[in-house]
Amino acid sequence: MRGDSRQLLLTLLPGVGVITVFLVLPSIYLVGMAFLSTGPYGLPTGPVSLQAFRELAGFGFLGWSPGNLYTLLRSIGQTLLATILVILIAYPAAYYITTRPVPWRPVLLLAVVVPSWTNQVIRSVGWMNIFAPGTPVSDLAAALGLIAPEMGLFPSRFAVIVGLVYNFLPFMILPLYAAFERLDTAQVEAARDLYATPWAVFRHAVLPQTLPGLMAGTVLVAIPAFGMYVVTELLGGGRSLMVGNFVARQFTQAGNWPLGAAGALIMIVVTLIGLKVLRDLGRRLGGDREVVL
Amino acid sequence: MSKQTATPSSSIEINALVRRFADGHRALDGVDLDIAAGEFFTLLGPSGCGKTTLLRILAGLDTPSAGEVRIGGRAMAGVPAHRRSVNTVFQSYALFPHRNVRRNIAFGLEMQRLDTATIEKRIDSVAGLTGITTLLDRPVDQLSGGQRQRVALARAVVNEPDVLLLDEPLSALDAGLRGRLQLELRELQHRLGMTFVFVTHDQQEAMIMSDRIAVLDRGRIAQVGTPPAIYEQPATRFVAEFMGHENLLAVTGRDEQGVTTPIGHFAGAFAEGGHLLIRPEAISLGRRQAAAPGAIPAQVVGRVYRGGSTEYRIACGDHTLIARASDPAAEGFEPGAEVNATVAPAGLAVVAG
Amino acid sequence: MSARAGHMALRGFWYLLLLFLYAPLAVVVFYSFNSINSSARFAGFSLKWYRQLFGNEAILDAMANTVVLAVGSTAIAVVIGGALGYGLYRYRLRRWGWLIWLIYLPVIMPDIIFGIAEMTFFVAINDWLGLLAPGLSTMLIAHVTFQVPFVALLVNARLLALDPQLFEACEDLYARPWQRARFFLIPVLMPAIASSLLLALTLSIDDFVISFFTAGPDSTTLPIFIWSAIKKGVTPEINAVATLLIVAVFLMAAVSLMARRPAGKNR
């Protein structure tokens, strides 16, 4: 038994070791950095201070500016908008897959997932090709008076939202599909009998049953969307930046590591608060049902 | 260890065996047993009595906290499962999903590195013995419950172990198939002469199949004996109830002639104990006549025809007894009839507890 | 609205969705054959960008780096992650439940924080010990770190779906420890190992953010190459480079689809 235990420990050790040394320790180091002062070249140095957080809140030499606060609010707003759009598209899509014959379903799911296997940068390049000035789509938008002629749909906030939706759609369709597959159709039939409107049927029969999938999908979409870097950087063209971009800039161009670390810490805190809010929302919507989160 | 093919089967000695789990619960609490070579031996008891734990210790899949197991006279302490000439038919059958029937049966032989010709020969012969020759090339997920059971049996028997362990192998099957397989298993054991240790919670199954039965109660052996001995002379109230006896009366007094119970005095030389057992087939009913010496006045409260026998529920004062009449010539009684019940002395036993 | 009309509308919606999902990729592939450098006008079919691409040292280096990184990290991650998934399974009844949180950490942590945390850590280690200068080795470590949990979770899920008595049946049927691994564990886990292999490869090729922050000057991968080309405003070959990556991903999708079929038939 003893030897057996040691052997088992050996199976866990490399994996746990890799994650601990190369992710947990670096994360702790990054969080600690937020509480240091900024030295020359923007690198962290002693003494311990809350300078980075003061700067993050917008207090600079020139007095208070709301820029960083706007970035945070914009990030939250864009994340919410993209998540809602993803949910609106994913529900009918997931439902459609369940109406297809069983042998076809894995193929349809794969069709949804494969584009997300390509690189984020490439996917953004694809949208750049579509939205650039002078492309048919941009010309159409200009003809309809939606944008000024010769402007193109990219770079813009619109392009960023499209990019976010495009990136994370599969992560919502997959769990929703799993939930639809387990749907008890008897409950839907009963609801059809009891309620007149399709909305009431959805609200009282479909939504509660697919809620675990919806919750899982929302986590899978909202967390990475909130931390998005590539799409905002490439499709937003300097506008529509989110906290991820702000944090990254402190480590690349601007060079203020403690400020970036403080931003990363705020990102993590906001993410955790978001998870908590989702959990409470799930409880409220699901009533006494167990919601997996 | 190399397998001793010279001895076809082995005896098992179990001394003061204890298995204590981390939470302090004792699954086995001092078990002593001697199982003879070539015996069909059954461990019988309700779930949680320790019978499966005992089986796992014999297989080498669990380690005792104290005590000793000897198989074929050899101490088993420290001998891992893969070096014991012991094979198990698992409750879930545990057929390997990535191998077809033939390769499942071959697994143990391949692990022992037997040559291909021997392996094929042994598989063919065991397949004939267990009636699965036509299934050999099927994937295991295309088998029915009964077929899986046979494959699991073949996979264990093909290794020609000294001892075969069977962990409730029939519990997942429906009643008809179960009855047939009980007989087949019994015949197979006779033919192979292998020591079988069989675990079940079904007392009927135990009585049909076994040479001897050990009844386990909360980690201890309550009684060991042949099926008739266990059924007719249960040692304790637990054994009596587990064997399906319902006619148990508290002993209220004792003298040289016998024992006194709330429904009367019964003569005989009885063991010590707190309850008198009356076997249902020992009670015969007769028309209520004037004083019949030794008869107990009773009233029929219910009657069930069981095919070949009729079971009466009779009230003797505050007590209800079951009487079983299997003589077709005997007179029948309707519920409500006043009767005299006579008890054959051979159908009585006093049990401990 | 009748049920039939509803279904027609749903089907129409599905085709629009497919258009939405595949249009950006199709456009990239399409314009990679354009004879002029424009995504607004297709002037004629040409393989000129591909010819340029295969003459460009930097791109060929990036391609080699991408392949070395994907294959190397996958090989390591499948071994470490497979062992971890197995260890988690064997330990599942003991007080190691918190380990699962450790394993989910790389999965839920935003890429950008993951990448930056590793970058700052590697820089600190390099300053302190002179080890782990940014380059392929740091990228390899970073990739293995995010691949390991996915492999472990896939292998673990397969093990949890197995009958636990199978492990005992192996021991009972004379299999020594190494035989249990060779003749039971590995064959029975093969589908999970194969799919985690594909997943790990895809994750590695798909990653940009973490690679970007842990890369050194000589360890540019194709996604990083495309990124810097866009940032510098020099974009002639990027559609062609992107097409190569898209083709690689679709090949893997095809392999995974084919791998799924026969496995499904056997079971």
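Below is a working chat about a predicted model with chains A and B.

Me: Before we start, what are the ground rules for reading this predicted model?
Reply: Residues are numbered from 1 along each chain as its sequence is written, and chains are lettered from A and ligands numbered from 1 in the order in which they are written. Since this is a predicted model, local features need pLDDT of at least 70 and side-chain atom pairs count only at pLDDT 80 or more, while totals for chains, interfaces and linings use all residues, and side-chain values use heavy atoms, with hydrogens and water left out.

Me: OK, chain A. How many helices and strands?
Reply: Chain A comes to 12 helices and 4 strands, where helices (H or I, at least four residues) and strands (E, at least two) are DSSP runs numbered from the N terminus. Its C-alpha atoms fill a box of roughly 75 × 70 × 35 Å along the principal axes.

Me: And what share of the 293 residues is buried?
Reply: Buried residues make up 51% of them, with buried meaning under 20% relative accessible area, exposed over 50%, and partly exposed in between (1.4 Å probe, protein chains only). Chain A exposes about 13,900 Å², of which carbon and sulfur atoms supply 69%; these areas come from the Shrake-Rupley method with a 1.4 Å probe, and for residues only the protein chains shown count as cover.

Me: Of the contacts in chain A between residues at least 6 apart, how many join residues at least 24 apart?
Reply: In that set, 65% do, a contact being heavy atoms within 4.5 Å.

Me: Which residues make the nonpolar patch on the surface?
Reply: The patch has about 1,100 Å² of accessible area together, and its members include A:Phe59, A:Trp64, A:Leu69, A:Tyr70 and A:Leu88. Patches are made of residues with over 30% relative accessible area and no salt bridge, with like charges joined within 9 Å and nonpolar side chains (Val, Leu, Ile, Met, Phe, Trp, Tyr) within 5 Å.

Me: Which helix gives the most to it?
Reply: Helix 3 of chain A, residues 67-99, gives the most, with 9 residues. A:Leu69 lies in that helix and is partly exposed, with a relative accessible area of 42%.

Me: Switching to chain B, what does the domain assignment give?
Reply: The assignment gives domain 1 (12-241) and domain 2 (245-351), with bounds that come from an automatic or database domain assignment. The C-alpha centres of the two domains of chain B lie 39 Å apart, and 9 residues of domain 1 are in contact with 11 residues of domain 2.

Me: How do strands 9 and 10 of chain B pair?
Reply: Strand 9 (residues 212-217) and strand 10 (residues 220-225) of chain B pair in the antiparallel sense over 5 bridges; two strands count as paired if DSSP finds at least two bridges between them. B:Val215 has B:Gln223 in strand 10 as its bridge partner. The hairpin has 2 residues between the strands, and B:Arg218 takes a positive phi near 45° there.

Me: What about the open sheet of 3 strands, what's its order?
Reply: The order is 12-13-14 in chain B, with antiparallel pairing. Strand 12 (253-254) and strand 14 (264-267) stand at the edges, each with a single partner strand, so one side of each is left without a neighbour in the sheet. Strand 13 (residues 258-261) is joined to strand 14 by 4 bridges, and B:Gly258 stands opposite B:Ala267.

Me: New topic: how many salt bridges over all chains?
Reply: A search of the whole structure finds 30, each being a side-chain nitrogen of Lys or Arg within 4 Å of a carboxyl oxygen of Asp or Glu. One of them joins B:Glu168 and B:Lys51, at 3.6 Å from N to O. B:Glu168 lies in the loop between strand 7 (163-167) and helix 5 (175-192) of chain B and B:Lys51 in helix 1 (residues 51-59), so the pair ties together parts that are 117 residues apart in sequence.

Me: Are those two buried or exposed?
Reply: Both B:Glu168 and B:Lys51 are buried.

Me: Which residues form the salt-bridge network?
Reply: B:Arg279, B:Glu281, B:Arg306, B:Glu311 and B:Arg324 are linked in it. Within this group, the side chains of B:Glu311 and B:Arg324 meet at 3.5 Å, N to O. B:Glu311 lies in strand 18 (residues 310-316) of chain B and B:Arg324 in strand 19 (residues 319-325), so the pair ties together parts that are 13 residues apart in sequence. B:Glu311 counts as buried at 13% relative accessibility, whereas B:Arg324 is partly exposed at 27%.
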